[in-house]
Amino acid sequence: MIHCDNECVGGEKRAPVRRDAFKLTTAPWAVTLADLKNWVPIVGIQHEYSLVEGTADRELLPMAESLGLGAALWSPLGGGLLTGKYRSSAEGRLSDLGMVIHTESTGQKTAVVDTVLAIAEETGVTPAQVAVAWVRERAARSVATLVPIIGPRSLSQLDSYLGALDVQLTDEQYTRLAEVSAVPLGVPHEGIAASLDRLQGGAADRVTAPVVPVA
């Protein structure tokens, strides 16, 4: 694919490439190969990401940060689940497209929707705006460029998305959402986290975290 990308633009560095569905095992290789051969650079990845789909936090987004890649994050509303509308109606992707990306299939997803609805009530905005505002704040705290991809199907949905630009979550609200939606990071991350306090001598507040290198 990488060679094809290069040929498609005539072998010149004039159209940087963003690839969908890169696996962790292939993305670093592709970025390095394109750089070594002076091919069209890989500049970004694309992945689903929201409060009900955060598995990119395990490896893909840290990889993007370390390689200096951007990330386009699609479905910030979890297929409409984070609007809360499916609690009162099946209208939406489920009825119009015969599918929905996410349902309240786990206790965690139910807890996430509950928290989004609660914060929407606290702030006086829509649940959709809370969900998008959280992704935007997550992007602001990253050293990589993370860009939510929106998919409005009506003018009212577009207005709701744009309204999220004016929503500023408090640190407490952001943390509540981050904690309730957190995905298990697995090995080796959880083992490292469990031993980190001991390794830091029980004084984590006196340890300066390393700066993530950006390619």
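**Exercise 1. Find the element that gives the most to the lining of the largest pocket, and describe that pocket.**

Let's start with the lining: α7 gives the most to the largest pocket, with four residues. Keep in mind that you're looking at a predicted model.

Step 1. Look for other contributors. The elements that give two or more residues to this lining are α6 (127-140) and α7.

Step 2. Go to the middle. Of the 23 lining residues, Leu77, Gly80, Gly151, Gln157 and Tyr161 lie nearest the pocket's centre.

Step 3. Sort the lining by type. You get 10 nonpolar residues, 10 polar ones and three charged ones.

Step 4. The largest pocket holds about 420 Å³ of space.

**Exercise 2. Work out where Leu165 sits and whether Leu165 is buried or exposed.**

Step 1. Leu165 is in the loop between α7 (155-163) and α8 (171-181).

Step 2. Check the accessibility. Exposed means over 50% relative accessible area. Leu165 has 51%, so it counts as exposed.

Step 3. Look at its partners. Together with Ile150, Leu155, Leu158 and Leu162, Leu165 makes a nonpolar surface patch of about 450 Å².

**Exercise 3. Trace the salt bridge of Arg87 and say which parts of the chain it ties together.**

Step 1. Recall the idea. Side chains of opposite charge can pair when their charged atoms come close.

Step 2. Find the partner. The side chain of Arg87 meets that of Asp114, at 2.7 Å from N to O.

Step 3. Locate both ends. Arg87 lies in the loop between β3 (70-74) and α4 (93-96), while Asp114 is in helix α5 (residues 107-123), so the pair ties together parts that are 27 residues apart in sequence.

Step 4. Arg87, at 40% relative accessibility, counts as partly exposed, and Asp114 counts as partly exposed at 37%.

Step 5. Widen the view. Arg87, Glu104 and Asp114 are linked in a network of salt bridges.

How values were computed:
Residues numbered from 1 in each chain as written. Predicted model: local features only at pLDDT ≥ 70, side-chain atom pairs only at ≥ 80, totals over all residues. Heavy atoms only, no water. Patch = residues over 30% accessible without salt bridge, like charges linked within 9 Å, V, L, I, M, F, W, Y side chains within 5 Å. Areas by Shrake-Rupley, 256 points an atom, 1.4 Å probe, with all protein chains shown as cover. Salt bridge = Lys/Arg side-chain N within 4 Å of Asp/Glu carboxyl O. Buried < 20%, exposed > 50% of the residue type's maximum accessible area, 1.4 Å probe, protein only. 1 Å grid on protein atoms, 1.4 Å probe; cavity = no way out; pocket = protein on both sides within 12 Å on 5 of 7 lines; lining within 4 Å. Points joined across faces, edges and corners; volume = space filled by probe spheres on them. Nonpolar A, V, L, I, M, F, W, Y, C, P; charged D, E, K, R; others polar.
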